[in-house]
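These are my notebook entries on one protein model, kept in the order in which I looked things up.

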Amino acid sequence: MFRYSADRLPVLVLLAISALDFSAYLFLDSWWLLAAYAGLSMYPKAFSCSYNHHHQHLSLFTRWLPNRLIEFVFALQTGITGNTWVLHHSLGHHLNYLDQAKDESRWMRDDGSRMGEWEYAFKTALTAYPRAWQVGQRYPRQRRVMAVMSALTVLLVAGLVAYRPVAGFLLFVVTPLSLVVGTALATWYHHSERPTDSHFVASNNILQKFYNVLTLNLGYHTAHHYKPGVHWSLLPKLHAEIEARIPLVAYAAPGMPWKLFGESPRPLAVPPPVPVAEVTKEDTHAEGFGLVGEPSGI
Ligand SMILES: [Zn+2]
């Protein structure tokens, strides 16, 4: 059922976070304890946001039903419903990020200057759903799935809020919506103020171990943009293959609070070039549409 066995443990962690959420939802009556839990839960849920990203490039399971079901778990934790990131990110940002006039996650203002971190985070979060919908004009089948999954998620959340209003609102409305902003905030580091000349200079790489455990190797960002359909577990290997083409300036430390969790190694020198096949559009995007293993219908 799993496309890659490396996903077994992370899926267990994802489900454990959900089990904690539902325990808090059902058994905590004090609003301030609920608020404290909701606030603290956002840190481990950075993992869920990142994992949702990976799933929207390459679905976790080979069958459509578990893929759709796990998307409810992702949506309740991260605020991003099934297929929204496929459109916004895999079919939007990945195709357009070298053109800041078009990029769905653009970091550049219209005048060419760089947005501040929070400005970018709020703009990207507030425009996430409308931009995903807009990309869907070119991919109607994907957009139909987004519409159905979003409607079902809203119904589910409405039911949870109706049953236990304070807990439901704090855990399944406020927290996931805050994490949409949090997700955007985290992605500001990935591309802002990088030149947009080629895939090899347009991303910042974060090699800190903790960050890459937490995000399942999202720090190998050039490799991810080079071949977005490559499974997260294989990104360090792909990074090693293309490292010689990544300039030293394209390495960064993670943001707060992750920078407190250890060194962020940067290579001392770019290794001598080794032959790497030229990137073609097919290499870069054919696998990266987030369509691998897509169901034929909802
Ligand atoms: Zn991506």
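Leaving aside neighbours within four places in sequence, I found G262 in contact with Q208, K209 and F210, where two residues are in contact if their C-beta atoms, placed from the backbone, lie within 7 Å. The model is a predicted one, in which local features need pLDDT of at least 70 and side-chain atom pairs count only at pLDDT 80 or more, while totals for chains, interfaces and linings use all residues. Residues are numbered from 1 along each chain as its sequence is written. G262 lies in the loop between helix 11 (235-242) and helix 12 (281-286); helices (H or I, at least four residues) and strands (E, at least two) are DSSP runs, numbered from the N terminus. The C-alpha atoms of G262 and F210 are separated by 7.1 Å, although the two residues are 52 apart along the chain.

Entry 2, the loop between helix 8 and helix 9. I looked up N205, which has its place in this loop, and with 20 C-beta neighbours inside 10 Å it counts as buried. Not counting residues up to four places away in sequence, N205 touches G219, Y220, H221, T222, I246, A250 and Y251. I also noted H224, 19 residues from N205 along the chain, with 10.0 Å between the C-alpha atoms.

Most residues other than glycine have a negative phi. I noted that L216, not a glycine, has a positive phi of about 55°, and that N217, also not a glycine, has a positive phi of about 70°. L216 is placed in the loop between helix 9 and helix 10 (221-226), and N217 lies in the loop between helix 9 and helix 10 as well. Which of the burial classes does each fall into? L216 counts as partly exposed, with 19 C-beta neighbours inside 10 Å, whereas N217, with 24, counts as buried.

Entry 4, the loop between helix 5 and helix 6. M108 lies in this loop and counts as partly exposed, with 18 C-beta neighbours inside 10 Å. M108 touches Q100 and R114 when residues up to four places away in sequence are not counted. I also recorded E193, which is 85 residues from M108 in sequence and 7.8 Å from it in space, C-alpha to C-alpha.

I looked up helix 3 (residues 45-57) and helix 5 (residues 84-96), which pack at an angle of about 80° with their axes 9 Å apart; axes are lines fitted to C-alpha atoms, for helices over the stretch in contact, and angles run from 0 to 180 degrees between N-to-C directions. The two helices are therefore roughly perpendicular to each other, a term that covers 65 to 115 degrees. Helix 3 makes the contact with N52, H53, Q56 and H57, and helix 5 with W85, V86, H89 and S90.

L87 touches G92, A132, V135, G136, Y139, Q142, R143 and M146, not counting residues up to four places away in sequence.

Buried residues make up 38% of the 298 residues.

How values were computed: Angles under 35 degrees count as roughly parallel, over 145 as roughly antiparallel, 65 to 115 as roughly perpendicular and the rest as oblique. A residue is buried if 20 or more other C-beta atoms lie within 10 Å of its own, exposed if 12 or fewer, and partly exposed in between; C-beta atoms are placed from the backbone.
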